[in-house]
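Subject: Structure handover

Hello,

Here is the structure we spoke about, with the sequence alongside. My notes on what turned up in it follow below.

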Amino acid sequence: MSNRLNHNPKLKHVLDWLIMNQRDARPRWYVRLLAPLYQHRGRHSKIYFSVRMDTPPYRRFSLGRHSVVESFSCINNAVGDVVIGDYTRIGLHNTVIGPVTIGSHVNIAQGVTVTALNHNYDKPGIRIDQQGITTRHITIGNDVWIGTRAVILPGVTIGSHCVVAAGAVVTTDVPDNTLVAGIPAKTIRKI
């Protein structure tokens, strides 16, 4: 089916229009009603009612066992899968835009942005909103704590047993057992 869509841009455009509200950049209401059929939610996991789940069915969304997505967060897998492990907490007012893989036993504090998406802007004669986007996968290992208002940018891998300090902007990979802080985030010490 995906091969047929790649060779038929009109059909792809029509299906995209049927699934996604182009103005709101989110799945249409009738697609969201079907979300329990195509989202994977592990046993004893919870997504609070106020969470904006922009998860169309053509990408993967998976929330592990005993994991929680807290109020007023936004989860978006429209441009890449979002996979969240077991016993992980996505705090209040967070934004997660795929493709992103978040491990198990991860605590993400409030107001954190994890975005694998970037807008293209290199062609000065063309409006930025017409230049498309690029994505680079983000990986967050197991047993990680990300502090309030931190920003994790496209292409970053954060190893296991790491701490990202509040307000840090992570632009490069973080090795296992490391505490990082600052803008851009730098290694403060090994844990």
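This is a predicted model: local features need pLDDT of at least 70, side-chain atom pairs count only at pLDDT 80 or more; totals for chains, interfaces and linings use all residues.

T148 sits in the loop that runs between β18 (145-146) and β19 (151-152). Between T148 and H7 there are 44 Å in space, C-alpha to C-alpha, and the two are 141 residues apart in sequence.

The sheet

The model has an open sheet of eight strands with mixed pairing. Its order is β4-β7-β10-β13-β18-β21-β23-β24. At the edges are β4 (46-47) and β24 (186-190), each of which pairs on one side only. Strands of a sheet pair through backbone hydrogen bonds, and the pairing can be parallel or antiparallel.

- β7 (residues 68-69) and β10 (residues 89-90) are parallel and share two bridges; V68 stands opposite R89 of β10.
- β21 (residues 163-164) and β23 (residues 178-181) are also parallel, again over two bridges; here V164 stands opposite V180 of β23.
- β23 and β24 are antiparallel and are paired over four bridges; L179 stands opposite R189 of β24.

β23 and β24 also form a hairpin, with four residues between the two strands. In the turn, G182 has a positive phi of about 105°. The loop between β23 and β24 also holds P184, and the peptide bond that joins I183 and P184 is cis, with omega about -10°.

Which residue in the loop between β9 (82-84) and β10 is worth a look? Y87 is in that loop, and its phi is near 55°, a positive value in a residue other than glycine. Y87 is partly exposed, because its relative accessibility is 40%.

The loop between β10 and β11 includes H93. H93 is not a glycine either, yet its phi is positive, at about 60°. N94 lies in the loop between β10 and β11 (95-97) as well.

Is N94 buried or exposed? N94 is buried, because its relative accessible area is 1%, and the cut-off for buried is under 20%. A polar atom of the N94 side chain lies 2.5 Å from the backbone nitrogen of V112.

Further along, P99 is placed in the loop between β11 and β12 (100-102). The peptide bond from G98 to P99 is cis, with omega about 5°.

T115 and its contact

T115 belongs to strand β14 (residues 113-115). With a relative accessible area of 12%, T115 is buried. A polar atom of the T115 side chain is 3.3 Å from the backbone nitrogen of L117.

The second largest pocket

What lines the second largest pocket? The lining consists of R26, R32, A35, P36, Q39, R41, I47, Y48, F49, V51, M53 and T55. By type, these divide into seven nonpolar, two polar and three charged residues. The space in this pocket is about 250 Å³. One of the lining residues, I47, falls within the edge strand β4 (46-47).

Cysteines

How many disulfides does a search of the whole structure find? The search finds zero. C74 is buried, because its relative accessibility is 18%, which is under the 20% cut-off. C162 is buried too, at 1% relative accessibility.

Where to start

Regards

Technical notes: Residues are numbered from 1 along each chain as its sequence is written. Side-chain values use heavy atoms; hydrogens and water are left out. A disulfide is a pair of cysteine sulfur atoms within 2.5 Å. Buried means under 20% relative accessible area, exposed over 50%, partly exposed in between (1.4 Å probe, protein chains only). Two strands pair if DSSP finds at least two bridges between them. On a 1 Å grid over the protein atoms alone, a cavity is a set of points where a 1.4 Å probe fits but cannot get out, and a pocket is an open set with protein on both sides within 12 Å along at least five of seven lines; lining residues have an atom within 4 Å of a point. Grid points are joined across faces, edges and corners, and a volume is the space filled by probe spheres set on the points. Ala, Val, Leu, Ile, Met, Phe, Trp, Tyr, Cys and Pro count as nonpolar, Asp, Glu, Lys and Arg as charged, and the others, Gly among them, as polar. A polar contact is a pair of N or O atoms within 3.5 Å; within protein, one must be able to donate a hydrogen and the other to accept it, and residues adjacent in sequence count only if both atoms are side-chain atoms.
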